Each structure stands twice: as C-alpha cells, then as structure tokens.
Amino acid sequence: MSAEDTISEIQTEELQTELLSEEKPRCIEEDYELIYKKPHTLLDVSMHYCPGCAHSLVHKLIMEVVEEMDIQDKTVGVAPVGCAVFAYDYMDIDMQEAAHGRATAVATGIKRLMPDKYVFTYQGDGDLAAIGIAETIHSINRGENILIVFINNAVYGMTSGQMAPTTLVGMKTTTSPYGRNTDICGFPIKVSELIASLPGAFYVTRQAVNNHTGVRKTKKAIQNAFTYQKLKKGTCFIEIIGNCPSNWKMTPIEANKFIDDAMIKTFPLGDIKLPKGEDLKLLTQEKHKMTEELIIAGFGGQGVLSMGMTLAYAGMIENKEISWMPSYGPEMRGGTANCIAIISDKKISSPIISTFDSAIILNQPSMEKFESKVKPGGLLLYESTNILKLSNRKDIEIIGIPAVEEALKLESSKVLNMIILGAYLVRKPVVRTESIMQALTEVLPERYHHMLDINRRALEKGAELVEKKMIEASEVF
Amino acid sequence: MENINPDNKGVTKLMKGNEALAEAAILAGCDAYFGYPITPQSEVLEYLSREMPQRGRVVLQAESEVAAINMIYGGAGAGFRVMTSSSSPGISLMQEGISYIASAELPCLIVNVNRAGPGLGAIQPAQGDYFQAVKGGGHGDYKLIVLAPNSVQEMADFVFLGFELADKYRNPVMILSDGAIGQMMEKVTFNYGKVKKIEKPWATVGKPKDRERNIITSLYIKPERMEEHNRKLGDKYKEVELNEVRFEEIQTEGAEYLFVAFGLSARICHKAVNLAREKGIKAGLIRPITLFPFPSKRIDELAEKSKLFLTVELNMGQMVEDVKLAVSGKTPVEFYGRQGGMVPTPEEVFNKLENLISISHVS
C-alpha cells in the first residue's frame, strides 16, 4: 500500500497557496487573437504535479475530449491512489476516488449500473500493474465497457520513486538502488501486451506524450476510446508512457529524452489491438444518413460498373431503394467509365446528379474530374497505386487504398473492385457484406462461382486496410 | 422497481435464511449485487444470479471479495441500492473497502454469514466476527450499523430495514448472521409496503451544467479537514445511537437472572429461559438486535433489578465486554461460549446458569 507523503503534500499545498495569491497577469483581449484555451472541463486551479510531469498534460487531453464530445454530464471518472489521487480536484466532472488498485472494480460498479454513461479510470503503474493487477485483468476479461487510462512512468511517484512493476531492467530507484535485478525482481510487466490477449479487450494502444506527435496520437487514442465506449464491445485500454522527472532525477527535457532512449525500447509504442471492422461499422452506421449518392469512376476493365451494380443488387436484397446509372457520353471514348449508384431508405428522385456524398476514384483523370464534386464532409476513396496527384480539399475525408497492389497479392487483378468496395463499406455501411456476397452469387454466372471465395477475401482485405487507415488518421495531421 | 412484486405480497414461503435474504433483496429494490462464493452463504449469489437478470437488475460474480466490495463502492457512489454478502474470511478481505465506504458515507448493505475462525477456520456457525463488525473491522475511526437476525424471517426483514437505515444515515449497514441462520429453513412471510427510496443528490451520475461536480472520496489530506470529517462521522454515530437502538426482551419482567445473547445464541437462550422458568428460576433474556448501536441503556436499567447476567456467544467472549461496560459493575456479568463451529444445547446453557446460581449462593 503506498501511503501519501503527508509532509511533502503539505509543502505542496503551501506552495500552491503562495502561487495562487500572486496577482495573475492580465491580458487585454482586443490586442490578441485567442488561438488556444484550456477546455472548460478542466478546472482553473494550480496542479500539485511536479514541473514537466506528464499527468497534467494527460488530464488536459482527457478533458479536451470530454469537452469536444460534449459528454461532461455523462462522464464519471475514477481516480487512483498514486500521484493522480487528486485528479478529481482538476477535472470538472463527477468522480470517485478508489482504493489503491481497485479503480476498475469501482468503475465496474458504476458502469454496470449506468451502462450509458462514459466511465474511465486513470491509474498509474503501481496501482494498475502491481496491487490492482487482478482487478485490471478481470475487468478487461469481462469486457467492461470502460476506458482505462494507464500512466506508465516506471516508478511509484507519490511515495517518491520506489520500484514499480514496470521499472526497466537495471533502472535505479529508491528500492532498487543497484538497478532492477531480474533475478530478484523479475522483468518489467508489459501490461498492454498481456491484456491484449483477453477477448474482452477491444482496443489496446500504447502512446507517449514526450513530443507533440505523441501528444496528438494520445489524444486521438482517447477520442477513439471514448467513441468506442458507445459500442459496448469491451474495454479500451490506453497505456501512456509518462515521465517522472523528479524521481528519475532528471530535468523534464532529459526525462522526455529518456522515454525515447530507454522507455520505448521496453515498451514499444503503437496499437496493440484494434477493433474489428464489423464492430466499427456500427459506429459509422449511427452517423450514416438515409440516402447515399455515390459515383464510381475509373478505366474500363477495372470493374467500375460491376462494383456499382453489385452494390445496387445488395441494396435491393436489403429492400432499399436503389438506382444505378452508367455513364454514357463523350467521356466514354476516353477509355474511362463511371456509374452513379444511389441507395436510400426513401424513394429516389433523380438518378442523375452532379454532386456526391462519396466518390470512389480509380484513375487519375477521374480524380481530376470528380474530386471537386464531392459534397463537403463527404468521402473520397481512391486507388493509391494508380493515382499520384491528390485532391487538396480539406473539407472531405480522403482515403487511399493500394487495391491494385493488394489484388496482385491475392493473385487476381479482377478483385481490385471488391477490395475497394470492402474499404468503402467500412466508412459507408450502406449495405451488409453478406448482402454483397449474396448479390455476387446472383450477378456472377455459375461458371465464375469458384471466384466467390476470393471476392469475399478481397472485401475483407479492403475493410482491414481502411480500418488501419482510420486508426492511423492522427498521423496524417 | 418501486413497487413490490404483487405476486409475493403477503406470501408465506418455506425458505433457507440465505434465500430469504436474497428474495428480500429483490423485493427491497436492490439494484445490484456483487459477490464471491464462500460457504455458508453461496446460496445468496446463486439465488440472485438466477433471479436478478430477468428483472433487469445487475448481478455479478466478482473475482474476489476485494473486487466485490469495490464494485459496491462504485455502485453506491453512483446512487444505487447495492448489496454484497460473504462469510468471515471474505468479510476480512472486504475490510479495506468497508473502511473507504464508511468514510465516503456510501449507503449499502453488507451481509456476513459468520463461520468459525480465525483463519480459514470451519464452515459451521459462529459469532467470532462480533468485534470486527461492531468495533470497526477496517482501519480508522468508523462504525457500521449492525443488525443481528435470529430467524429466517429476520434475515428477510433486516434487508428492508438495512437499506432504509443505510440511506437514512448515508452509512454502510451490516447484517451479522451466522451459518445456522443462513442455512436453516423456516417459514418467512414477505409482506412489505412500498419500497422507500430517497433522492441522492450527492451521487456521481454525470455533472450537469447547473451543479457543482460530485466527488466520492475518503481522502482529506489536511489534518484539519480530516479531523472535521472524523467529528462529522462521530456526530452521525451518536445520532444513530440515539435513534436506532433495537432489542427484544423475553420474560425480563421481574427476572433475577438475565441471558444476553444475539442471533442463534439468543434462540438457544430463549429455550434455556423456558427450561429455567419450568424449574421456578426467574430467568429472562435480552437480545440485542442492533449490535451497533448497542442497547447499553436498557441493559443498564435491567442491571438495577437483576442478580446476574449470563452472556452467551459462539466465540471466546466478545459482546460480553459491551455488556460489562453497560452494567458498569452493578451486577456480575458471566460468560458462556462455544467455539469453532460448536453450538451449545439449551440444556447446556441452562446448566451453566444453574451452576452459576448455586456458586453465588454458596459464596
């Protein structure tokens, strides 16, 4: 049990009081352009954290997400025992303070009784990986629909620098003064890898906040995790490699460098477990509107028309309103082909339209012709081995899929269109994959039915590629 | 959930104590039960695992008693009516959480179907957890409201009473039962009025824009604040002592010799009182129903008129200390106990009384 260091705490409190009593510098708003402010969900108080500590930054990121998603009134946090024990003094949300290691059990109690609320725990490495490892593993194994934010800085911070379960091999702490000896103390626990194997773990990622890219990725991960909580598909686990300049006996800059030089060698960054495509579809379905107006364009022979037709067939199988309109006109002579597919829950008005919710673009000329025709907020999905000059638009979602390359890997250039279609359906789940397969069975002549399996694999491949893209989206920033 | 299941209104059933308790939890609008199997109370978890889901209530088998009590903390903190149950070694594991719950002033119901200890002990009935239940159990200065049922009927009744007291005082309530009361079957009548649930504006349900955030915590880093909190809790316990003392008296009118016993021991002493009266010995029984608050005042009054107290417990003598404190030397207080899961017969207890009377006459 780690006790709070009362004396240093009192000193901190005094320091805080002094700091607070100083008059704050005033700024005249008209003289400046306001380009950044803290989220309103983060309280305007001095924090007790040491200079350069990652905790305050991660607090802010979580509160930014709560503000941006407008879920302050639906969020309940659970604070740990450790440095973040006062987290509830900084976050302007309802919170519970848990006993050491028990945060996920407390969160289980909260979430089970309020399944529609957003519940997260915020825990350090001693709390989560030592005394609370049983609660951690079992909560995740039950697939509790909570977010666990795990700050790993390889030491017990609050009790001033003792060895943690995550202390690096050879690392000196107050209780491993000669360096962590694996013969005596074992190896650092890689919690993320350990828990990712549990079926209840839905999303597991390890990030660091020692540079701006890391901060952005961490925020993206927090956004993902809060969004996924709606799906009720399991636990989201974000390990964040933090620093501890005070106990590492380093300046904040040295500490951040130590993360790159040492910490991430033991704890490599990146996604460890990603949600399945089928599950994410539910998320996009929620957002999806009733009518989808799509253009598919490329060279003849790329399967442009059949892709649209298959989609239309699938729509019909699902009792949706559909229309499929192949291009006919002068552009046909240029060797390009396109078709418009409309799928709706309502009766479709004009089958010929000039702007689109989504565009699937398979060659460069089509890119130039149609990129401007995508409605703001729409989707532009393109074949990235063929198309080198991209759209500059910022108001639409642009995703490139190397379908040609992937089709070759599947040893059939013919399934290029199904890879693209699989990718498209993740972002725009207008019909189910099963309906597409049923449509193919009906569209393809008997003699091509041996191709059904490879078509299915192509659809799955496309879905997988786009999911990866979605997760990596923050890197494009 | 607000209304009692009409099918059960006024219905009498033959049930085990543990089952009656579980059924009462459902009728009392218990929103969630978190538990872990341990003899002799696993029936509670089994019963509720079967009955709660179909009523849309939450039931969860935790990975340990440690986790279960912390789930209780979370659920109670969110303002729900929650309950857990266990037996002695499991209750020991919960003590940390109970201390946090007491300090954070979370209403909840904790049931201990006491078995023999210390250690892994034996699975037969005992009352060795009296001190643990009444004097704190976990760290720090706190009190549970402790109810001691002595029948299957009371196993059920005290669930209602327990939840109401928990809500009224924002305090954890413990039902201290034992293996015999839990395992035995008796008839039980479920006839309760409308379930009373009160508003809990302090609960963490998500902070709307127009109120301050709610925090559930037991951390007061400044000693001044901690002391203030200790005193606030102390005042609450005094109020509980003032309002909530409950006890039963059997033939105490004009009694010269008084048994003091709770739970199963009180049932045995009741029979011993009958045996004594048959022999013309003026014996009576006072049975504390609330172990905290303890009926000290009434015992003190009875001490004025009686010659001897005999405290009978299934332990090495725990409640006897509270009886002595209450009597404060006015009358001799003797103790008779069996341990390890052994239970005395009424004759054994009566013989002890007869023996003590003869000694006091000789001297």
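**Sheet and interface briefing**

In chain A, strand E14 (residues 374-383) runs parallel to E15(A), joined by 5 bridges. Strands (E, at least two residues) and helices (H or I, at least four) are DSSP runs numbered from the N terminus. Two strands pair if DSSP finds at least two bridges between them.

This is a predicted model: local features need pLDDT of at least 70, side-chain atom pairs count only at pLDDT 80 or more, and totals for chains, interfaces and linings use all residues. Residues are numbered from 1 along each chain as its sequence is written, with chains lettered from A and ligands numbered from 1 in written order.

**Sheet in chain A**
- A:Leu379 has A:Glu397 in E15(A) as its bridge partner.
- Helix H15 (416-427) of chain A packs on the sheet and touches E13 (356-361), E14 and E15.
- The direction of H15(A) makes about 150° with that of E14(A); axes are lines fitted to C-alpha atoms, for helices over the stretch in contact, and angles run from 0 to 180 degrees between N-to-C directions.
- The open sheet has 6 strands in the order E11-E12-E10-E13-E14-E15 (chain A), with mixed pairing.
- Its edge strands are E11 (321-326) and E15 (397-401) of chain A.

**Chain A–chain B interface**
- 33 residues of chain B are in contact with 31 of chain A (C-beta atoms, placed from the backbone, within 7 Å).
- H3(B) gives the largest share of the chain B side, 8 residues.
- Strand E2 (94-97) of chain A runs parallel to E10(B), joined by 2 bridges.
- Here A:Gln96 stands opposite B:Ile216.

Notes
Contact = placed C-beta atoms within 7 Å.
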